[in-house]
Amino acid sequence: MATTHISTQTDLHADSHGHEHEHHEGNFWTNYIFSQDHKVIAKQFLLTGMFWAVIGGILSVIFRLQLGFPNMNLEWLKPVLGGWITPEGKLDPEFYLALVTMHGTIMVFFVLTAGLSGTFSNFLIPLQIGARDMASGFMNMLSYWFFFLSSVVMFISLFISTGPAAGGWVIYPPLSALPQAIQGSGLGMTLWLVSMALFIVSTLLGGINYITTIINMRTRGMSFSRLPLTVWAFFFTAIIGLLSFPVLFAAALLLIFDRSFGTSFYLSDIYIGGEALPNTGGSAILFQHLFWFLGHPEVYIVLLPGLGITSEIIATNSRKPIFGYKAMVGSMLFIAILSFVVWAHHMFVTGMNPFLGTIFMLLTLIIAVPSAVKIFNYVTTLWKGNIRFTPAMLFSIGLVSLFLTGGITGIFLGNAAIDIQLHDTYFVVAHFHLVMGAASFFGMLAGVYHWFPKMFGRMMDDKLGYIHFWLTFIGVNLVFFPMHYIGIAGFPRRYYAFTNFETFSGFSDLNALVSVAAIVTMAAQFIFVFNFFYSMFRGRLAPANPWRSTTLEWTTPRFPKHGNWPGEIPAVYRWPYDYSKPGAKEDYIPQTVPFSETPESNLPHENDLIKLEGNGNAPIVVEGKH
Amino acid sequence: MSFLITIGALLTLVILFLIFRIASLVSVAKGRNPEEVSPNNGVHAVLFLLFMVLGLVGFFWYSYTHFDKYTLPVASEHGVVTDRLFWITMAVTVAAFVIIFIVMFWFVFKYQYKEGRKAAFYPDNHWLELTWTIIPAIVLAVLIFTGLRAWNNITSPASEQAEVIEVIGQQFAWSVRYPGKDNVLGNANYRFIDNFGNDLGLDLTDAKSFDDFKTLELHLPKGREVLLKIRAKDVIHSVFLPHFRVKMDAVPGMPTHFKFIATKSTREMREETGNPDFNYEMACTEICGRGHFSMRMLVVVHEPAEFDKWKSEQETWLKQNPGYLEKIPADLREVALVKSGMEKSNSGISTLVAGGMH
């Protein structure tokens, strides 16, 4: 009862707040720049994320040119890259490392964490749980602006003369701690650390808000068991982020101390640049433990929102309830918990105690079970559906396919004995790009296609969406699948060229294919960018509920104001997956329709709930009074 | 030229945009409601099916025809075990993958939208869900336990008789130190490293270091257990011996090790691969800076007798750097001269010390 009471209170408060905004519209600055409206903040995250995705993609195309066509003359890139192109027209080897480092950092954190989770958690949580806004609109705004600051710092680091950070996105010290070891560990690394510190602040501000909002601000009737799977996914994501990002912050802080204040947390017994450093007693492995304590949960921070979005889209477009709702929530919960106890599978061959390897191998392979359950549930949701292939649906099916292809290779890498050979080869590159990179990216694109009508009140062009999907889907498979072979052959990752080894001299054909596919895939993204901006202004006006979906966001007006619903917030009476219910008139029943109105389709236990619907009227009266 | 390309690209974009405009105007004129299902819905179902078939055909075709290209011959005892595990896992996962892949895309094709059909309301089935939780769990448990056994064997302590060899990583080269005739590596410390010759940081007060020798190639005996002791001087590197399925990071401040038994000499491998120029190689697999991709070291595997002969022929480090005799405590110099194989008598010390040091 206490919970209901609180949520009624907050609703009231948010309600009046919302009305205030409707009455005086505010100026450009408060509406679009320093807005506290979760929908505007979501769009800010999305646009910034798209900007970073383009940058991150272009960086990857540049290093793919080097890998696919090692003899190519890159003189024509000189106007952009300047001194990073050697006089012979080649990419500087150190800049190559900077490219892979920045590609990883940008994609993992700025695109797939902020761009994906930031966008859709912000946009969908209040809309789908029936809230006027986030628990704290101001903190939410701060969250974006910290992300913006962090982006500015990271962007600047791309242009400094010693280049951006270049020690890999995992920034293992001592390489990242010693400017003598690599140029990028100078100012570039400092900016990286500053940027990430700001980024972590942004993530924490956002995460606290998401959790608070989901717990406290659900509308009447929106029990946890009636939450759409998207919201469940954002909820777990935020909790994982809240628990793991501070550890990265600690790791980064200690690294800052080692770099700037002469401490020895990670440094010990180093002789570099002709001199022995005074640092002793530090442990380079400590950093890896701290980093991966975030780093592995980060994989799920990136992936879970994509899986949540996909659950929603597949159910909607198969016109079927998601199969095994409870199992889907349970598997996400299980994944969220296990994600904290598998980190050291990234470290089987770092020299840590092999007994630790044993434990982490056990835990790692256990996490494959809930992941498998999710795939089976997606497939069963498709079974006997009536599938509409909207662009969002295409990308969701693509996600499941990529998640399967990439996930299954995790069983190799989680096995310490097999990992000895595969660790840090292209097999790993193939694995994580498919399972978390491409899959999450597909989730993000699916989300944009699906909720664009709600974001901008207009439809995206579906034909362009289809072309975009097929080019991207085939492209991504052609980019990452061949890497398995290259990896089984032992080719190490982060190699500028494979010219120095006889063992790694083959596969120039596959490498060229991968590069061509990468360029085509990258080019295809501009179709999306065009479609996005064109449709924002010129797209067809969206109907109220274009996908005939059950969830609450589609009960808002076409252009929802700050506060989301003009009148009172609708109450919720049923779970979000009443698609194709036997006996129902339509093939979907929105969450706002009470069981008392659908006697023809109610299941026996649902008829019992009708009585409770009546009891719930009291809060409505209170809410109506304002 | 580039001007023409730019113009051409721009024109193409303009034409594409016009086509897009016309197409969207046509669809507006037709008055199709966005809520309705696109008349071309079935195209995607067919394309997905095609993707599934071509994808699987391509996968099996390439995996079969290029097998020798992407598999490295194995040349260590534990490598045979991990390779077997790899292929068992491959068999299990490929079977699972193929089944799910086919079933999924078949469903996508079969249950594409048809007007008037209603989807099944099928929210859960506990029996089914339990089945596909338990089956993967059992399969994974089997894989885990076979993997655990292999891992425990690989990482178990090396025997007393193991041939101890030290590998040292630095930007951007490897070096190797052998313990010499006493079969014990002398102490080393990064503080003793200098820029004149003691690049391994040998402790010259430790008599065990006097007969140690350094090489820039890794020589291994066939069929004898080898214990690689691994360290790094500057940043993290990683020892990777692809044919021996050996990988272990070299971490400054934290010595690591890896034991294994090579099973094929370089000569035998040349015959097996039919490549007379074949050589084993060692690579670095932990990003370590600008020259990461070029940290190659030649690896030679000898027949055991051949290896012993090779080993006995190597000059000790001290003999190659006689100037360091001066740094050896006076009471150990005689031992040093003998152990390093420089002198058998006392007469030469004074001249060597006088002439050798800068």
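**Notebook: chains A and B**

I looked up the contact between the chains first: 91 residues of chain B and 100 residues of chain A take part. Two residues are in contact if their C-beta atoms, placed from the backbone, lie within 7 Å. On the side of chain B that touches chain A, α5(B) gives the largest share, 15 residues. I noted the make-up of that side as 50 nonpolar, 24 polar and 17 charged residues. Here Ala, Val, Leu, Ile, Met, Phe, Trp, Tyr, Cys and Pro count as nonpolar, Asp, Glu, Lys and Arg as charged, and the others, Gly among them, as polar.

The model is predicted: local features need pLDDT of at least 70, side-chain atom pairs count only at pLDDT 80 or more, and totals for chains, interfaces and linings use all residues. Residues are numbered from 1 along each chain as its sequence is written, and chains are lettered from A and ligands numbered from 1 in the order in which they are written.

Next I looked up helix α17 (residues 462-488) of chain A. Helices (H or I, at least four residues) are DSSP runs, numbered from the N terminus. Just after α17(A), I found Gly490(A) with a positive phi of about 95°.

Last, I checked Val239(B). Leaving aside neighbours within four places in sequence, its contacts include Val167(B), Leu228(B) and Met282(B).

Terms used. Helices (H or I, at least four residues) and strands (E, at least two) are DSSP runs, numbered from the N terminus.
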